[in-house]
Amino acid sequence: METLIDDWRVRIAAAAGSGGKLAIRGGGSKCFYGGPETGERLDVAAYRGIVAYEPSELVVTARAGTGLRELAATLAAKGQGLVFEPPHFGAAATVGGMLATGLSGPRRQAVGAVRDFVLGVKLLNGSGEVLSFGGQVMKNVAGYDVPRLLAGSLGTLGVVLEVSLKVLPLPVAEKSLRFALDEAAALQKLNQWGGRPLPISASAWHDGLLTLRLSGAAAAVAAAERELAGEVLADADVFWDSLREQKQAFFLGDAPLWRLSLPSVTPPQALGETLIEWGGAQRWLRGGDARRIRAAAAKAGGHATLFRGDDALKTEVGVFQPLTAPLARIHRHLKQAFDPQGVFNPGRMYPGL
Amino acid sequence: MEGKSADRRFAVDRPALIRRLRAVLPVQALLVEEEDLRPYDCDGLTAYRQLPLLVALPENESQAQAILKVCHELKAPVVARGAATGLSGGATPHADGVVVSLARLKKIVSIDALSRTAVVQPGVRNLAVSEAAAPYGLYYAPDPSSQIACTIGGNVAENSGGVHCLKYGLTVHNVLRVRGLTMAGEIVEFGNAALDAAGYDLLALLNGSEGLLAMITEVTVRLTPKPQLAQVVIASFDDVRRAGDAVAGIIAAGIIPAGLEMMDRKAIHAVEPYVNAGYDMDAEAILLCESDGTPEEVAEEIGRMTAVLERSGASAYCVSRTEAERLKFWAGRKAAFPAVGRLTPDYLCMDGTIPRKRLAEMLQEITGLSGKYDLRCANVFHAGDGNLHPLIMYDANQPGQLERAMAFGAEILELSVRFGGTITGEHGVGIEKVNLMAEQFGMAEIETFHRLKAAFDEHGLLNPGKGVPTLARCREYTQARVARAPTAPRF
């Protein structure tokens, strides 16, 4: 494994010395996300394997090339998991790709996102140094929280080598319920329920139907099921998995897919066909006018991402919501702090970064 | 330890600074006389005292902005201060710098029950947020023991934890947005009212940044629905190792308690006469293990917890029967620091975190060190997440005791790192542990931290001397360490 790092160091030094660029790739399942790849491919999937896993410590450490499926299977054997349900978007999905994209699945609304579970990272910076931040314990405030900073940084700050993650017990019981509600009523209900101690672990509204998942102790799930009185959904695992992996009909086809991250109480936006998750905080749109979408997201206090789209559209409108001037400057300086020659994944997040 | 921050990089013209600040602040918002500065000479780490050059007390964000612009122009260091309850000296003044107290920014701007969020100014006390949210059945989950006094701004700066963070998370998990000022006085927003924001996760970076990256002027926190019921089990153990095993056993059984705390005999004996919490004075250690949720859920979980405790050899246990009793049981744990404070003129509170499985081993080591340094030490642990708070008792008026206490503490933290943990779980590095950073990080990481800070604060004016040691200090520390223990293996 160490020879891989030595090889990459050579590649990094060569690129840094010649103005070259490297496109870091793990399993390639999430290449569609972010700006177009440029530069020479740096394949990192071979740097794989679980380094340490102790169920009673609730921590697992894995090399970045470790398959997400392999990791999930190892954890599930001990009744634990990555409870933020990271999407795979392909069988080859890796731990590194999960961290780099920072994407979380349906249960994010209840337990937090990838960044909330990252405890430590080891990475290779743009000078070829191996750096280690955070650790393998739950509470650690020594030094700036670089591990969480790396979640969603799209490989622009370095090559992640190893990640330590907090794991949790998988829920003992689950039940999914369905309700016929229009968009405004569904949003109202989701927010009202969110303010009560109910074991809601996921939610999805589309086309007049709200689907809710309850997870937790058997007694708590049963009590909530009686109280909420929705229609029980059969084959619920298939439904939530197809949502997490974006295999439902809503997500198919070539129209651009927008992800709006909004305050959960934001009223219906009438921007086009919508699918709502995370209790109202994550909303998906197919197609639509980029400027209108971005303006609406900003006005509501959130942001809009061109989640899937062709390179031409990405270049034209940008993948991510533009930053304010002071934040853009901090981004540039942070990039320089980790990758002074701008070798890693240029343009995957913002042009010039 | 007067004058510890003897960092002479900053040549500040005091009269000019006073003149410029007076031009932008109401007269009562600037303190210049020594008798007025004296109350600001330390925070909760009272062993370190330093008079600041000046103290500014802005009443709103625009005054804070004006202060920073002046200080930025005159290259004067700035130390932000909330309630000064911090235990690592994060708010210890700089001799050439201005302490900016944010205590007057104490408005709860809004509480939105439907979206379960509160917008508060940095000087709002932690507990005040939960009190204001209570009528809606909501509360702010992070609950550091100082929650009656400590402020949200300080909580964000330190990424404060509390006794319930195993289940409900740290400050970083419960903050949606931080509005603040860069050292140059620009307004910046990290995060937003949604669950995530575009770009790098700077919000995560701000949490626990100890006032080195930006000055906080407003925070949006997430509120949590109050569980229908909470109950706590107190279990006694006649052997510390068994108590440690019980902690691992509970987690291994797939239980995530709402709180899981441990106290050793010295801590119990300090607390019980002070609070009358009902703790077992004959026990070598007690565990407090809390369950919350629906009544059915709690009954089920308490059943599983007590089964593990019995299997682990608890000599006795009891379950709280009423909310009043639950609060009484917790009152002892939350009063542990002041209770120990009654037994000794001074104490140092350590804050290492280690993997849970090494708790018992660590306790044995601490007992040994207590003999070696001839100082008493009481131990309270956030056992669920391996965060230790050994309280080293000493008397600063006895020659050599402070030095011995500090050496004792440093050895505990070195052990924490050697056991695979960290020198600080929730109190921060501040001024207290700045040299020990070299124990946990190599030069390359320390250099990265400096570059990261410079990305926010080019001239290094925000809280200089805290959090991250200079490279020169790192080298000195490492050399001194090698000289001290020439044969000790590092890991």
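**Entry 1: confidence.** I began with the scores for the whole complex. The predictor gives an ipTM of 0.97 and a pTM of 0.96. I then looked up chain B. Its pLDDT averages 94, and 97% of its residues score at least 70. Residues 486-491 of chain B fall below 50, and this stretch has six contacts beyond near neighbours in sequence. I note that low pLDDT means the predicted coordinates should not be read in detail.

**Entry 2: a buried pair.** I counted salt bridges next. Over all chains there are 42. I picked one in chain A. A:Arg148 pairs with A:Asp145, and their closest N and O atoms are 2.7 Å apart. Are these two residues buried or exposed? I found that both A:Arg148 and A:Asp145 are buried.

**Entry 3: links across chain B.** I looked up B:Asp143 and B:Lys334. Their side chains form a salt bridge, 3.3 Å from N to O. B:Asp143 sits in the loop between β7 and α5, while B:Lys334 belongs to helix α11, 191 residues apart. B:Asp143 has a relative accessible area of 7%, so I logged this residue as buried. B:Lys334 is partly exposed at 24%.

I then checked B:Arg265 and B:Glu284. Their salt bridge brings the closest N and O atoms to 3.4 Å. B:Arg265 lies in helix α9, and B:Glu284 in the loop between α9 and β14, 19 residues apart. Both are partly exposed: B:Arg265 has a relative accessible area of 31%, and B:Glu284 has 30%.

**Entry 4: a network.** Which residues are linked in a network of salt bridges? I listed B:Glu61, B:Arg177, B:Arg179, B:Glu189 and B:Glu218.

Notes. Residues are numbered from 1 along each chain as its sequence is written. Chains are lettered from A and ligands numbered from 1 in the order in which they are written. This is a predicted model: local features need pLDDT of at least 70, side-chain atom pairs count only at pLDDT 80 or more; totals for chains, interfaces and linings use all residues. Side-chain values use heavy atoms; hydrogens and water are left out. pLDDT is the predictor's confidence in each residue, from 0 to 100. Contact means heavy atoms within 4.5 Å. A salt bridge is a side-chain nitrogen of Lys or Arg within 4 Å of a carboxyl oxygen of Asp or Glu. Buried means under 20% relative accessible area, exposed over 50%, partly exposed in between (1.4 Å probe, protein chains only). Helices (H or I, at least four residues) and strands (E, at least two) are DSSP runs, numbered from the N terminus.
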